[in-house]
Amino acid sequence: MTATTPVAEPAWPALRPHLSSFDPEAFVRPVDRFVWEPVPVPHPTPAGARPLAGRRLLLVGESAALVAAVAGELRARGARVARCDPETPLDAEGWDGVVDLNVTGLAYQLGDDSWQSALTRTTGVIHAAYGRWSTEARFGRHVYLAVTHLGGLAGHGAGPVPQPLGGIWAGLAKCLPRELPAAGVVVVDLDRADAAAVADAVEREYIRPAHFEVGYRDGVRHVLAGHPAPAVPPGPRAPGPGDTVLITGGARGVGFAAARSFAERFGCRVVVTGRGERPEPGEATGLDDEAFAAWRRGRLARARTPAELTALRREIRRADEARTVLGNLERAAADGLRIEYLRCDCTDAEQVESVFAALGDGPQYVVHNAGIDEPARFDRKSPESVVGTVDVKVTGFAQLVRAVLARPERRAALRLLSNVGSLAGRMGGMVGQIDYAAGNEALARLGFWARDNLGLPVQTLCWPTWERLGVIANYAAAVRYVSTLDPAEGARRWAEELASGHTGEAVFLGRIGAVLAPGQLRGFGMLTGHPDLPRLHALDHHLGEVEEYALFRSLRTRWTLEAGRHPCLAELRVEGAEAVPVGVVLEHLVAAGDWVVPEGWPLLHLREVRGFTVHLAGLRLTGGRLELHRRAEGVRRDGEWQVDVTVDDPSGARVAGATLVYGPEPAVLPAPGPTTDRVPAAEEAPSDAGRLEWAGVVFPADRPEPGAPGEYALRPVTPADLWTTPFPPGHTVSPAAVETMVRETDRRSPRPAAGTLTVGRLVLSPGAQRVDRLRAGAAPGEWWGVRAGREVLRAEGVTLTD
C-alpha cells in the first residue's frame, strides 16, 4: 500500500474505539435525572430439579439462629453448607459460593450498631475468597448472593422497610464485579426473613444470576427499573433568608459548592461542618497554589525514612485541607454570603447535639454530605477501615435523626433531610470503592426507613463524580467509569432538589464510560431512556453467554442463533442450507475486542483485521440453530495490541478466526485508485462456481456499474435490516461490502464444496461502517471500499478455496 496525502477527515464516527464515550482530559457531560421503581418480572427458569445439589456454600450472618435454620433448609435442597456467624468462626476452605444473610433476621432500631460486627465478618469472608476468586476466569464459578430484608422491593415502593441496613450489603455486592469480574453477584430482597423464604430465593437466584437486584413481595418477583424523571418543581416552603441549612462535611468539595449555591440562590444561612476546629491563618494555610507547592516540596525534602515520609504526607494533606477550608470561608465572606463553620464529627452524638443547640430551634434543612473515600482494592482494606467508611454515612445519619427527634421544636422546624448518596451505591462504583458504595447505598435505604417509619421528610440524591471536586482521589480513573458533572450544573440541580422538598431517591447519571465487566451489563438491563443504551445493548447482543473472562487477557463465550429470529438469518444459503452471513460472523469476531483490552484502558482504535478465515460449511444452521463458541486472547505483539479470536462449533471444529489489530489512532487509507475491468461478467463465470445463494432481500445482488465493470454501487444496509432487537447493534464493517466481496469471489472460484473464505488483511478507517461503493483492486483478491469518494476499507488476499 503506497502512502499518499490523507484526505480531509469527514465528520464520521470513529471506527470501534475501545473507549467510545469518554475524554480522559475532560469527560464532562450533562446529566439526566433518573428514578428507580420496582417492576414485576417472571420467575427464572429452574436450573434442574435440584439446582443446589452438591453446591458448596458458605452461609454468613449476624443472627446465628437464622443462619442455622437456613443452613438446614439448604442442606435439605442438596447443598453442602458451612456456617460463619457469631457462634461459628470462619472456615476459609471447602466452599466456593457465599450466601450472606448479614443483618437479615434482626430488627432495626435507630442507631443499631450490630451491622459493624456483621460487616467485619463479611469483610473477612471476602478477604478469604479474594485470592481465588480474583484469579478465577470461569464466569459464575463463584457466586456472592446477599439476602436483604428491605420489604421485598429493595426499599422502594409502598410498605415498611424492616431492616434498612441491608443496604450496606446491596451496595457492597453491586461493586464487587469491579474487582472480581468473573464472579456472579446478586442481591435478593425479601418481605419475609424466615428460613424457608430465604432458601427458596437462593434456590431460584443462585445458579444463573440474571439481575443485580431481585425482590420478592407476596410471592411476586420484582427487579428495579430506572427511567428518566423530570425535576420536581419548588415546594410551597422553599428555603428563604430566614432559614438555616446545615451541611455535614460541607467545608470543601461538592459540599461547599452546594453551600455557595444555597446561600446565593436562597439568601439563607448555611452552616458547614468539619471534624476539626475552624482553620486559622498559619504557615501554610494562607499560601496560594504555587507557594503551597513550594512549601510541600520543602517539607518532603526533610524525610529521611519511610516512616517520616508517611508522617509528612499526612501533615501536608491536613495542611492542604485546612488551606482549602479557610480559603473557601474567606472568599464566601468577601462575597457577602452567609456561610459559617462549626466543628462536628457527625458520628459523635455529643458534637451533633452541640451543633443543633447552637442553631436554636434547629435547622430547617439538614444535608448529610460527610463521607470518606480512600480507594484501595478491598483485599488491602482492613475490616476496621471498611467499617469506618460506612460508619460516617450510617451512624452519621442516625445521630442527625436523633438530634432532630430529641426536641419537638426541632422536628417541627425540619422541612427536609437531604442525604448525599452516590452512583457508586446505586450502580456500582470504581475499583477500590466497595466500602464507599456500601455506605452510600445504606444511606438511601435508611432514608426510606426514616420517611416511612418515623414520618420524617428525607430525600437521597445520588451523584456522579463532580468535575475536579469531591473525595475522588483518582480523577483519571474516575472518568473511565462515568462522565463527570459540571459543578455549576450540579449546584443548580442540588438547589432545585432542596427547594422541591420531595422525599425519595433521585439519581443523576451522565454517560457511561468504558470500564465495564461483562457481568455489570446486568446492572443496566432495566435502565430506560438513556443515550448510551444502544451501545450497551450492542455490547450485550454480541456478548452472548459468558463462560470465561480474565480482565485484560481473555474472553470465552457461547452465542446461539436461531432461524427466524432475525432477518439476516434468512438471507444466505450454503450448499442449500440456511446459514449465517459472513459479515455477521466478522462482527462477532470484532466484538470480542471490546472486552479484551490492555491494562489501563488506553484509547485504542481497531485498525486492521488480519488472517480472517471462515469455513463456510460451519455457518449452516442445523435444526434451525447455530451455536458458536468464541475465544479471544489479547497480547502485545510487534509493538501493537492484538486480539486473537477464534470461533468453533460445539464439537470443537473451527468455524472462523482472525487477529484484531489496534492502534492509538484510526487507520488512514490513501485516495482510491482507478477501477479495473478485470471482473468477468456474470455469463462468463463457470456454471458450477457458486456454492452460495443469497435471497436478495437484505443483500441484493449488486452488479458492476455500466462503464465501470470493476465498481459496485452498494445499497445501504442498516442495523435494523439485520436484527430485530430493540437496539439493533451497529456494524463495524459495511455488511453490503462484505457480502458483495464474498458473492463475487464465490462466482469466480470453482470448487466442489463451499470451501474456506480467507481475507489476508482487512484495513479499516472511519467510514468503513457505511461503504457506498466497492471497487475491485488491481491485484487479485483485492477490494477497495469507498465512502463519499474516499477509500475507507481495503481487503487484500480475498480467496475461496476447498
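**Why these labels? A walk around the model**

Visitor: Why is Arg 192 called partly exposed?

Guide: Its relative accessibility is 46%. Buried means under 20% relative accessible area, exposed means over 50%, and partly exposed is what falls in between (1.4 Å probe, protein chains only). With 46%, Arg 192 therefore counts as partly exposed. Before we go on: this is a predicted model, where local features need pLDDT of at least 70 and side-chain atom pairs count only at pLDDT 80 or more, while totals for chains, interfaces and linings use all residues. Residues are numbered from 1 along each chain as its sequence is written, and side-chain values use heavy atoms, with hydrogens and water left out.

Visitor: Where is Arg 192, and what makes its link to Asp 194 a polar contact?

Guide: Arg 192 sits in the loop between strand S6 (184-190) and helix H4 (195-205). Those labels are DSSP runs numbered from the N terminus: helices are H or I with at least four residues, strands are E with at least two. As for the link, the side chains of Arg 192 and Asp 194 are joined at 2.6 Å. A polar contact is a pair of N or O atoms within 3.5 Å; within protein, one must be able to donate a hydrogen and the other to accept it, and residues adjacent in sequence count only if both atoms are side-chain atoms.

Visitor: Which residues does Arg 192 touch?

Guide: Leaving out residues up to four places away in sequence, Arg 192 touches His 149 and Ala 197. Contact here means heavy atoms within 4.5 Å. The C-alpha of Arg 192 is also 7.5 Å from that of Gly 151, although 41 residues separate the two along the chain.

Visitor: On to the helices. Why are H6 and H7 called roughly antiparallel?

Guide: Two packed helices are described by the angle between their axes and the distance between the axes. Helix H6 (residues 289-300) and helix H7 (residues 306-334) pack at about 160°, with axes 10 Å apart. Axes are lines fitted to C-alpha atoms, for helices over the stretch in contact, and angles run from 0 to 180 degrees between N-to-C directions. Under 35 degrees counts as roughly parallel, over 145 as roughly antiparallel, 65 to 115 as roughly perpendicular and the rest as oblique. About 160° is over 145, so H6 and H7 are roughly antiparallel.

Visitor: What makes up the contact of H6 with H7?

Guide: Seven nonpolar residues, no polar ones and seven charged ones. Ala, Val, Leu, Ile, Met, Phe, Trp, Tyr, Cys and Pro count as nonpolar, Asp, Glu, Lys and Arg as charged, and the others, Gly among them, as polar.

Visitor: Why do Thr 557 and Arg 794 both count as buried?

Guide: Thr 557, in strand S17 (residues 554-562), has 0% relative accessibility and therefore counts as buried. Arg 794, in strand S30 (residues 790-801), has a relative accessible area of 7% and so is buried too. The side chain of Arg 794 also makes a 2.6 Å polar contact with that of Glu 791.

Visitor: And what makes Asp 218 exposed, but Glu 575 partly exposed?

Guide: Asp 218 has a relative accessible area of 71%, so it is exposed. Glu 575 has 39%, so that residue is partly exposed. Asp 218 lies in the loop between strand S7 (213-217) and strand S8 (220-228), and its phi is near 50°, a positive value in a residue other than glycine.
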